Amino acid sequence: MNLTTRFAQLENFGHSLKATCYRIKIEKTEDLHEVFQLARQSGLTVTARGTGISYNDVSLNGGGIVLDMSGMNQILEWDPASGVVRCEAGVTLEDLWKRVEPDGWWPPVVSGTMKTTLGGCLAANIHGKNNFQVGTIGEHVTEFTALLPTGALVTCSPKKNADLFYAMISGLGMLGIFTTITLKMKRIHSGLISVDAWHVPTLRRHLGDLLEHAPRYDYIVGWLDTLATGNSLGRGQIHAANNLKEGEDPNARETMKLSYQHLPDRLFGVMPKSLLHYFMNPFLNNAGVRLINTAKYAASLRRHTFRESHAEFHFLLDYVPDWERSFGRGGLIQYQSFLPKETAADAWREMIQLSHRRGLPAYLGVTKRHRPDNFLLSHAVDGFSLAMDFKVTDRNRAPLRNLLLEFDRIVLNAGGRFYFAKNSETSPETARAFLGEETIAKFKKLKKRCDPHGLLESDLYRRVFGS
Amino acid sequence: MGYNGMRISSGGQNVSDAPKLFAPAQGRSPYATPLTPRRRGLIIGASTGLGAALAQKLAGQETSLALVARSKDKLDALCRQINANGGYALAYQHDVCNYDEVPALLRKIVADLGGLDFVIYAAGINLPPGGMDKYNFENDRKMIEVNLIGAMAWLTPIAEMFQSAGAGQIVGISSVAGDRGRVGNPGYNTSKAGLTTYLEALRNRLTRRGVNVLTVKPGFMKTEMLKAAQGVPFFVIEPERAAEDILRAMQKRKQTIYTLSIWRWIMLIIRHIPSFIFRRLSF
């Protein structure tokens, strides 16, 4: 195989990190065998990559091989009676929901974008706005098969090879490559979802409402105005949603149709949304975001209830195509921290105030309610998460890095955790502090067993776990 | 001149047999993050002169470097110095005339660096025949092998990789000597004219693929090679000065530079001297 002509410059989702790698397209399991053999012969390491939309370096492998898994995109079996689906690992959430929704099912856990692949979703063990109710995606996997670098094809379920099951899901693709994934879908009785939206004027109210109202809803998510100061610090808006029960939607037959779930590609029916990011760019600075946030908050003051399609509710990140390009040449990064419900308010107040003092406010803040899970490299806590998007420029890199290092300290002191699909600056020390030596030792022991020659390595793995 | 640099691999099969690192920096290049970006560069012919000056300047600019040269001791010393000053450089002993070694060595370098963003071909020799009535095929052949074929051996796979990636930067150190065939050193003129033309052809292929190709034409520099200069050298500069010019040109993604820039005008005149006059001149 000629690697020279497969050299590629790949990026993270935020266009803030580039790496040059050898990209090899995978279409079937046999291709994986071949690549592992090639890697062994040529002394190169291997990382799997789905659609490449992680915020960090988890699917980058500078100087090594990156498997383009998008060719393994067949839905192998779908049973509309039981809601069980078996897919290849390169199937995206978009492929999946478009297949199951017309039959009255919805993926149990989805990310804010539908572009993610199932392999990537399992490797990061993604959560959705319903994390507090149903856990991570891993909890809905009934079985998966994966190819280990040893050449062994393993089948794992919560009962069979359970240690691998709970480690490979959340394992960042460092133990083996997912080939097929079996998932149980969730029943829906309408193409619509009922959403309540209300504002929260302070950080305490914000987190208090997430905590208090979550049990009554299937989904809950908050927008946090990261530029608000003083008494208004942490203000925002909460969206909480419930699936409709049978009979609640008189037009269920219509709304369940795929055409009804379509995200409009024009704004006000006129402007193509693909151009929107150019118009957003001039607002992506401290003054512009303050203006937009204030307007957004003012608009949220009226409590309202409405119904919208599942696609519109779940996939906000797909609403404006290429929105991340509006952050300009340096791109963006996301810093997401997970904090216990007892310590979250104080820690986030300190972090947001610090970001204001440094003149480095985040431009977007999103909060969610979480509960713990049993997966090995877990990011979950009984508490909340706050995701903050930061614009990266040539001038702010060093001060922003210092700010995030201080954030890490605050989060660790508050008993918090981090998510490997998001943060790009996490140090090995920080990872050790929140995962614990025992967890890391367990992970490395499994790694040795599944990948004795250390063929699977990503830039993230080297950064966080050393090599 | 001895060109019996230690053979470091039997050619393209197994990278684990490829050169052992002997620089103080061990393991892979430091990681890059969005907030601590790093470039990864390869310099061929890095142990002395302009190559070494470029390595030293680049080392201070968040760049991980792979340094390739024939002379183990000089390379080792340079790497030690760079790494002691907080830079990151890996050393690879290699004779650019061992063309078969290139593919495996390049693969190892790219893996060790964690990618490749730019390459500088700075390997070059100047072996004058010793007078305008002297001829020396052996010397001429060596100059072609090092200055031109060595460059082609390295830049062929690199051009193919950068073309595939749609990104990257190639810098070739040619010479004002390639602008005209002169009486003093036909072999050197030819090797550099060949290199200039080769780089131009690469540029014409690769610019449309997002790859920048920079041809550098230095005049006289205070390096080992100055001894080979005929006549009294003028506008002589330190290699550090040339390195600064080159880094600036790389940043601006220029196509061709002369260093010093006055050589552009000198060579413009020399290129336009009609042959019936030029063949009567003694330089």
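**Two chains, feature by feature**

A:Asn161 is partly exposed, because 17 other C-beta atoms lie within 10 Å, and a count in between the limits of 20 or more for buried and 12 or fewer for exposed is classed that way. Before I go on: this is a predicted model.

Where does A:Asn161 sit? Its place is the loop of chain A between strand S9 (153-156) and helix H5 (162-168). The reason I start there is the backbone. A:Asn161 is not a glycine, yet its phi is positive, about 50 degrees. Most residues other than glycine have a negative phi.

B:Arg253 is in the loop between helix H6 (239-251) and S7 of chain B. Is B:Arg253 buried or exposed? There are 12 other C-beta atoms within 10 Å, so B:Arg253 is exposed.

B:Thr259 and B:Leu260 are joined by a cis peptide bond, with omega at about -5 degrees. Most peptide bonds are trans. B:Leu260 belongs to the loop that runs between strand S7 (256-259) and helix H7 (262-271) of chain B.

One more loop in chain B. B:Gly86 lies between helix H2 (72-84) and strand S3 (88-93). B:Gly86 has 8 C-beta neighbours inside 10 Å and therefore counts as exposed. From B:Gly86 to B:Glu62 is 24 residues along the chain, and their C-alpha atoms are separated by 9.7 Å.

Next, a loop residue in chain A. A:Val381 is in the loop between strand S19 (364-370) and strand S20 (383-391). Buried or exposed, for A:Val381? A:Val381 is buried, because 22 other C-beta atoms lie within 10 Å. What does A:Val381 touch, leaving aside neighbours within four places in sequence? Its contacts are A:Phe338, A:Leu339, A:Pro340, A:His370, A:Pro372, A:Gly416 and A:Arg417. Take A:Gly416 from that list: it is 35 residues from A:Val381 in sequence, and the C-alpha to C-alpha distance is 7.6 Å.

Now helix packing, with one pair from each chain.

In chain A, helix H11 (residues 344-357) packs with H12(A) at an angle of about 165 degrees, the axes being 10 Å apart. An angle over 145 degrees counts as roughly antiparallel, so H11(A) is roughly antiparallel to H12(A). Their crossing is right-handed. Which residues make the contact? From H11(A) they are A:Ala347, A:Glu350, A:Met351, A:Leu354 and A:Ser355. From H12(A) they are A:Leu403, A:Glu406, A:Phe407, A:Ile410 and A:Val411. Sorted by class, the contact of H11(A) with H12(A) has seven nonpolar, one polar and two charged residues.

In chain B, the pair is helix H3 (residues 102-113) and helix H4 (residues 137-165). Their axes come within 10 Å and cross at roughly 55 degrees. That angle is why H3(B) and H4(B) are described as oblique to each other. H3(B) passes H4(B) in a right-handed crossing. On the H3(B) side the residues are B:Val102, B:Pro103 and B:Leu106, and they meet B:Ala153, B:Trp154 and B:Pro157 in H4(B). By class, this contact has six nonpolar residues, with no polar and no charged ones.

Moving up a level, how is chain A divided into domains? The domain assignment gives domain 1 (4-68 + 446-465), domain 2 (71-187) and domain 3 (192-425). For domain 1 and domain 3 of chain A, the C-alpha centres lie 30 Å apart. The contact between domain 1 and domain 3 of chain A takes eleven residues from domain 1 and 13 residues from domain 3. On the domain 1 side, the residues that touch domain 3 are five nonpolar, five polar and one charged.

Last, the contact between the chains. Chain A puts in 30 residues and chain B puts in 25 residues. Which elements of chain A each supply at least two residues of that side? They are strand S1 (7-11), strand S2 (18-25), helix H12 (397-413) and helix H15 (459-465). By class, the side of chain A that touches chain B has nine nonpolar, 14 polar and seven charged residues.

Technical notes
Residues are numbered from 1 along each chain as its sequence is written. Chains are lettered from A and ligands numbered from 1 in the order in which they are written. This is a predicted model: local features need pLDDT of at least 70, side-chain atom pairs count only at pLDDT 80 or more; totals for chains, interfaces and linings use all residues. Two residues are in contact if their C-beta atoms, placed from the backbone, lie within 7 Å. Helices (H or I, at least four residues) and strands (E, at least two) are DSSP runs, numbered from the N terminus. Ala, Val, Leu, Ile, Met, Phe, Trp, Tyr, Cys and Pro count as nonpolar, Asp, Glu, Lys and Arg as charged, and the others, Gly among them, as polar. Axes are lines fitted to C-alpha atoms, for helices over the stretch in contact, and angles run from 0 to 180 degrees between N-to-C directions. Angles under 35 degrees count as roughly parallel, over 145 as roughly antiparallel, 65 to 115 as roughly perpendicular and the rest as oblique. A crossing is left-handed if the near helix is turned anticlockwise from the far one by less than a right angle, and right-handed if clockwise. Domain bounds come from an automatic or database domain assignment.
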